[in-house]
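Visitor: I'd like a tour of this protein, with questions as we go. Could you put it up on the screen?

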Amino acid sequence: MNDLEMYREQLALCDDKIIDALMEHNVIAEKIMVYKEKYGMPILQPLQEEKQERKLKEKLEGNKYQKEIYDVFERIGHVSKQVQARKLFSHNIILIGFMGAGKSTVSDYLSSMFAMKIAEMDQMIAEREEMSIPDIFATYGESYFRAKETELLIELQSQKNVIISCGGGAALREENVAEMKKNGRVVLLTASPKTVYERVKDSEDRPILQGNNNVEYIAELMEKRREKYEAAADIVIQTDNKAVLQICEELISKLLGMDAE
Ligand SMILES: Nc1ncnc2c1ncn2[C@@H]1O[C@H](COP(=O)(O)OP(=O)(O)O)[C@@H](O)[C@H]1O
Ligand SMILES: O=C(O)C1=C[C@@H](OP(=O)(O)O)[C@@H](O)[C@H](O)C1
Ligand SMILES: [Mg+2]
């Protein structure tokens, strides 16, 4: 055997070690989720995540391949989150509720904590139409936008382990709700009219509220929609005066409770 062949064999042995270590890493990551669930502990622990990252950086300080190894660990962390999410949820998570309830914000946070794919419906429709949501409403009218929502929801059913952040009107159509239920758990976020107003008062992205952005109008429209939202929901989370992390913890705990039933 010449040196080159020997190095190649050594590399193959290294790969075996890495595979074994990654197997172990993922098994432990799953065990952590099972443990937290069993003892009713918070599932998301952003401070712990930060601590682990600090420790890793310390370990790699002065290492000749610091950046390269760190890059790999970033990927390992990402995949590990996905493994943990799969252990917890077998359905897509679909967020519905009134404008300003926090659907986009909560979806974004959850997707980063679990490295889950996110489908932000408004954004996807705007990208496809190459137009903002207010421009779509102004150019083609609301019913055109609603048809695009239905089309997209149907399309999204082919995906797994996705967080779907709906626009506030998506759950009002029965056919849309039927699509949501095929593969997903439907989470309704609620907030009082006053909270909604505080959250959306400076926004120009919501054509439904243009010219009507006040607590009275919000309360009236919310009441009109309430029954449909509630009928669509598998779980409901009230979001007034709650931080996003707290809302996400409640959401996870209720979803897990549902699966345990
Ligand atoms: N729990 C919360 N606490 C404080 N502000 C929030 C909370 N959830 C959302 N917001 C803020 O309210 C605004 C609307 O939130 P967004 O996620 O876009 O709502 P939606 O998608 O339901 O319309 C954003 O500026 C966001 O930062
Ligand atoms: O409630 C609605 O009818 C709408 C809500 C909006 O999404 P957000 O709820 O994310 O603001 C967006 O889809 C569109 O402006 C219509
Ligand atoms: Mg939104």
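Visitor: Which residues of helix 4 and helix 11 meet each other?
Guide: This is a predicted model, where local features need pLDDT of at least 70, side-chain atom pairs count only at pLDDT 80 or more, and totals for chains, interfaces and linings use all residues. Residues are numbered from 1 along each chain as its sequence is written, while chains are lettered from A and ligands numbered from 1 in the order in which they are written. Helices (H or I, at least four residues) and strands (E, at least two) are DSSP runs, numbered from the N terminus, and two residues are in contact if their C-beta atoms, placed from the backbone, lie within 7 Å. On that basis, V244, I247 and C248 in helix 11 meet T105, V106, Y109, L110 and M113 in helix 4.

Visitor: How many residues of that contact between helix 4 and helix 11 are nonpolar?
Guide: Ala, Val, Leu, Ile, Met, Phe, Trp, Tyr, Cys and Pro count as nonpolar, Asp, Glu, Lys and Arg as charged, and the others, Gly among them, as polar. The contact of helix 4 with helix 11 has no charged residues and 1 polar one, and the nonpolar count is 7.

Visitor: Are helix 4 and helix 11 roughly parallel or roughly perpendicular?
Guide: Axes are lines fitted to C-alpha atoms, for helices over the stretch in contact, and angles run from 0 to 180 degrees between N-to-C directions. Angles under 35 degrees count as roughly parallel, over 145 as roughly antiparallel, 65 to 115 as roughly perpendicular and the rest as oblique. Here the axes come within 10 Å and cross at roughly 75°. So helix 4 and helix 11 are roughly perpendicular.

Visitor: What about helix 5 and helix 7: which residues make their contact?
Guide: Helix 5 (residues 121-129) and helix 7 (residues 142-156) pack at about 110°, with axes 10 Å apart, and are therefore roughly perpendicular. Their contact divides into 4 nonpolar, no polar and 2 charged residues. Helix 5 brings M121, M124 and I125, and helix 7 brings K148, E149 and L152.

Visitor: How does helix 1 lie against helix 3, oblique or roughly parallel?
Guide: The axes of helix 1 (residues 3-38) and helix 3 (residues 66-88) come within 9 Å and cross at roughly 45°. The contact involves H25, N26, A29, E30 and M33 of helix 1, plus I76, S80, V83, Q84, K87 and L88 of helix 3. That angle is why helix 1 is, relative to helix 3, oblique.

Visitor: Which helix gives the most to the side of domain 1 that touches domain 2?
Guide: Domain bounds come from an automatic or database domain assignment, and the chain is divided into domain 1 (3-88) and domain 2 (92-260). The contact takes 12 residues from domain 1 and 10 residues from domain 2. With 7 residues, the top giver on the domain 1 side is helix 3.

Visitor: Which helix provides the largest share of the shell around ligand 1?
Guide: A residue is near a molecule or strand if its C-beta atom, placed from the backbone, lies within 6 Å of it. Ligand 1 is surrounded by 15 residues, and the closest are G102, K103, S104, T105 and R199. The largest share, 3 residues, comes from helix 4.

Visitor: How many charged residues are in the shell around ligand 2?
Guide: The residues around ligand 2 include K103, D122 and R206. That shell has 4 nonpolar and 4 polar residues, and its charged count is 3.
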